[in-house]
Amino acid sequence: MSSSAHPPDGDLRALLDGELPAERRADVEQHARACAGCRDRLASLDAASQETHALLDLLPAAEPDLRIDPIVRRGRRTRVRWGAIAAALALVVATAAGATVGRPYVRAFLARIRSVVRPTSPPLEQPAHGQGIAFVPGPSAEITFDAPQAAGALRVSLADTTELVIDPTASVPYRVHPGGVIVHNRGSQASYDIVVPRRAPHVRILVSGRVLFEKIGSGISATAPPETVGRYVITLQ
Amino acid sequence: MSREGFDRAFHALFADRSARLYRYVSGVSGDTAMAEDIVQECFVKLYRRGAMPDDPPAWLVTVANNLLRDDQRRVSRRRRLTLTRSADLPLGGAAPPADAGALAAERIESVRQALARLPLRDRQLLLMRHAGYRYREIANALELTPSSVGTMLVRAGEAFRKAYHELFGAST
């Protein structure tokens, strides 16, 4: 830098803070000695910096209670890495299952785990007549009938219950999944009494891809008018 | 560096830098209790790291900034809830007395609000420098070039003082 060029404010500030690299400091100091304007600017920046620090000093800063021993104790404590533990467990189970898959006791064990862990999601079930299907619907539940039927009806009613119940007049296989139920009704002539919890936020009933009944909040749309208050009879043909 | 060497360096760093880090964190957060927790957490993380980073003071500030940011998200949510709740409350109440204590409190509040008006980078810059960090450490922690720190400090300082005088001038 030529000593005749005015140094930028950043350099002057760095000079005041003792942070200007030595090779630049000599130039800036030499210039300031000969330049009244830069000396004024230095004084002005110094005053501004002091005011800033004085204002920031107003912020309360209680004496901290910082001790190193508790920090070191915490630092030495082994962290529990739950993610790693879960991964290791999964690996052990997968390895064991892979090594022994096909053995009857492993199959029985896995079936038992499935029945315990996912009681509401059996692979495919055949309800006993009169028992029906019942589950607690999530934020959005869908009851899907695979196929149209030549006979039979849906009798849908609202009730102050927590479970959504589907009660067929004849045994029909079904599959429960996280979003609702799929009823495999191809070739069936059953009718279904369906009880929808009044508090369920969203329930949809579809037959062969067509929406026959939908409840969103307290609003209901159905392909048939209500027979009585809160009860709809919809033919499946 | 051996474990013994690291432990010695760790203790020296704690003795030399914990109070400075605390000063910076309490300035940014405005919460002295939280600042203590964050400073401790920074040193715990460094201890667990088991090796000194290239620029330990800057590394500690970077970790502190990350912890502050995480905490700020939680605080923001709490503040929104508080504001919603407060909106239900009746307005009014006596104005605080205009004595010396109230005036000092007003000044402190104006400083806080003036800082809050600044972009985060400017706030961090001013408070790091105020806590005594060197330009090189500021540059490393905030990912700046060391030669730009002086210029940025001048600008951030001007913005801060202008905001303060607007706030304090308006309130007195």
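**Before you start.** Residues are numbered from 1 along each chain as its sequence is written, and chains are lettered from A in the order in which they are written. Because this is a predicted model, local features need pLDDT of at least 70 and side-chain atom pairs count only at pLDDT 80 or more, while totals for chains, interfaces and linings use all residues.

**Stop 1: colour by confidence.** The pLDDT is the predictor's confidence in each residue, from 0 to 100. Chain B averages 83, and 81% of its residues score at least 70. Select helix α6 (residues 135-142) of chain B, where confidence is highest at a mean of 96, then helix α3 (residues 56-86), where it is lowest at 72. (Helices are DSSP runs of H or I with at least four residues, strands are E runs of at least two, and both are numbered from the N terminus.) Now pick residues 80-97 of chain B: the pLDDT there is below 50. Where pLDDT is low, the predicted coordinates should not be read in detail.

**Stop 2: chain A.** Show chain A as a cartoon and you will find six helices and 12 strands. Buried residues make up 21% of its 237 residues. A residue is buried if 20 or more other C-beta atoms, placed from the backbone, lie within 10 Å of its own.

**Stop 3: where the chains meet.** The predictor gives the complex an ipTM of 0.80 and a pTM of 0.56.

**Stop 4: helix α1 of chain B.** Where does this helix kink? Centre on B:R17, where the kink is about 45°, taken as the angle between axes fitted to the seven residues ending there and the seven starting there. Buried residues in α1(B) include B:F14, B:R17, B:L21 and B:V25. Just after the helix, B:G30 takes a positive phi of about 70°.

**Stop 5: the largest nonpolar core.** Such a core is a set of buried Ala, Val, Leu, Ile, Met, Phe, Trp, Tyr and Cys residues joined through C-beta atoms within 7 Å. Among its 50 residues, B:L21, B:V25, B:C42, B:A64 and B:M128 touch the most other members. Leaving out residues up to four places away in sequence, B:V25 touches B:A35, B:I38, B:V39, B:A64 and B:L68.

Methods:
Buried ≥ 20, exposed ≤ 12 C-beta atoms within 10 Å, placed from the backbone. Contact = placed C-beta atoms within 7 Å.
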